[in-house]
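Have a look at the sequence and the 3D view first.

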Amino acid sequence: MNVSFLGLGAIGAPMARHLARPPFSLSVWNRTAARAAAFASETGVHAAKTPADAARGADVLVTCLPTSREVEALLDGDDGLLAGLARGTVFVDCTSGDPATSRRIAGRLRERGVDFMDAPVSGGVSGAQQGTLTIMCGAEPATLERVRGVLEAFGKKIVLCGPVGAGDAVKAVNQSLLGIHIWALSEGLVALSKAGVSASLALDVINASSGRSNVSQNLFTERVITRAFPRTFKLALLEKDMTIAAEFARENRVPSPMMQSAADLFRVARGALGEDADHVEAVKLLEQWAACEVAG
Ligand code: NDP
């Protein structure tokens, strides 16, 4: 099966690595060509010169870019995807995208006989490395079946959420929950630290109690208490996801003060901490506001 993978970023590269072996024949493309060249020489796969070259001859084409906007922008032009895509290819977008843009892309591809599926992932860089990602699919059931083998190379839980756009919507709501947990735990631990309670002791208690979450059990324990703050998932990307969730709720006329406020708070954090900050670094903004660091 000929597979092309476009977007070798923090999560795209470890996902693509699982496809660099039989039964797949892999081509990769990345905007910064040096990254694709390094990946190709390390894994022995083909580095395509342009998106059109990557699309030519692909049975399945996978994209993993920051937002749906970058995916849509890749379609047009002499070197764009539409110049190379042939009828019968399945286009799988693993970007955490927005439902409306995904539906628009799907419509344009349908005219060319190409089926589209939004397939955002969850599980982080470590889940991508281990091939255990959760994949939220928005597509016709038959489209998913055609690409299931590709998804199984890097995913463990693969769920059809509904028609095109449904995967993006579920992913956005998940991300909103992630951001809300990060923000709420930051407020709580900064307050406890300011009052002189050890944050690691408090986390130990919370993790054996009803307030625990992935954020308390894994992220804060490994990244905040240690002050390690590894940069694996940009706060800028989480803010983008939370904004998609907030807009989704508003479009569906669902009162959502928590989702709206959380998206606003992460927009402030993005402005203050910059485009390269990791998502968990949001706690640093609260530490600045309270003039108190979360103390072990
Ligand atoms: P990165 O910022 O690490 O990588 C982004 C990738 O997109 C790079 O390959 C980059 O190319 C490429 N890119 C950026 N802008 C353009 C453009 N205008 N045209 C073409 N290519 C472009 O992001 P991640 O890999 O972390 O995230 C990718 C997607 O996966 C996002 O939607 C994110 O929300 C989602 N995601 C990320 C997770 C994570 O833990 N990192 C977890 C789950 C989902 P270049 O090398 O040239 O910069």
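Sorted by class, the residues in the shell around the ligand come out as 10 nonpolar, nine polar and seven charged. Keep in mind while you browse that this is a predicted model. There are 26 residues around the ligand, and the ones that come nearest are Asn30, Thr32, Arg35, Pro66 and Lys234.

| Residue | Protein side | Ligand side | Distance |
|---|---|---|---|
| Leucine 8 | backbone N or O atom | oxygen atom | 3.2 Å |
| Glycine 9 | backbone N or O atom | oxygen atom | 3.3 Å |
| Serine 96 | polar backbone atom | oxygen atom | 3.0 Å |

So how much of the ligand's surface does the protein bury? On its own, the ligand exposes 910 Å², and 87% of that is buried by the protein. As for secondary structure, the elements that supply two or more residues to the shell are helix H6 (124–130) and helix H11 (235–251). H11 gives the largest share, with three residues.

Now for the loops, where a couple of backbone details are worth a click. Proline 22 and proline 23 are joined by a cis peptide bond, with omega at about 10 degrees. You'll find proline 23 in the loop that runs between helix H1 (12–17) and strand S2 (25–29). The other one is phenylalanine 229: its phi is near 40 degrees, which is a positive value in a residue other than glycine. Phenylalanine 229 sits in the loop between helix H10 (214–224) and H11, and H11 is the helix with the largest share of the ligand shell.

Last stop: a helix pair. When two helices pack, the description comes down to the angle between their axes and the distance between the axes. Helix H12 (residues 257–273) packs against helix H13 (residues 282–290) at an angle of about 85 degrees, and their axes are 9 Å apart. Angles of 65 to 115 degrees count as roughly perpendicular, so H12 is roughly perpendicular to H13. Which residues meet there? From H12 you get Phe266, Val268, Ala269, Ala272 and Leu273, and across from them in H13 are Ala282, Lys284, Leu285, Gln288 and Trp289. By class, this contact of H12 with H13 has eight nonpolar residues, one polar and one charged.

Definitions and conventions: Residues are numbered from 1 along each chain as its sequence is written. This is a predicted model: local features need pLDDT of at least 70, side-chain atom pairs count only at pLDDT 80 or more; totals for chains, interfaces and linings use all residues. Side-chain values use heavy atoms; hydrogens and water are left out. Axes are lines fitted to C-alpha atoms, for helices over the stretch in contact, and angles run from 0 to 180 degrees between N-to-C directions. Helices (H or I, at least four residues) and strands (E, at least two) are DSSP runs, numbered from the N terminus. Angles under 35 degrees count as roughly parallel, over 145 as roughly antiparallel, 65 to 115 as roughly perpendicular and the rest as oblique. Contact means heavy atoms within 4.5 Å. Ala, Val, Leu, Ile, Met, Phe, Trp, Tyr, Cys and Pro count as nonpolar, Asp, Glu, Lys and Arg as charged, and the others, Gly among them, as polar. A residue is near a molecule or strand if one of its heavy atoms lies within 4 Å of it. A polar contact is a pair of N or O atoms within 3.5 Å; within protein, one must be able to donate a hydrogen and the other to accept it, and residues adjacent in sequence count only if both atoms are side-chain atoms. Accessible areas come from the Shrake-Rupley method with a 1.4 Å probe; for residues, only the protein chains shown count as cover.
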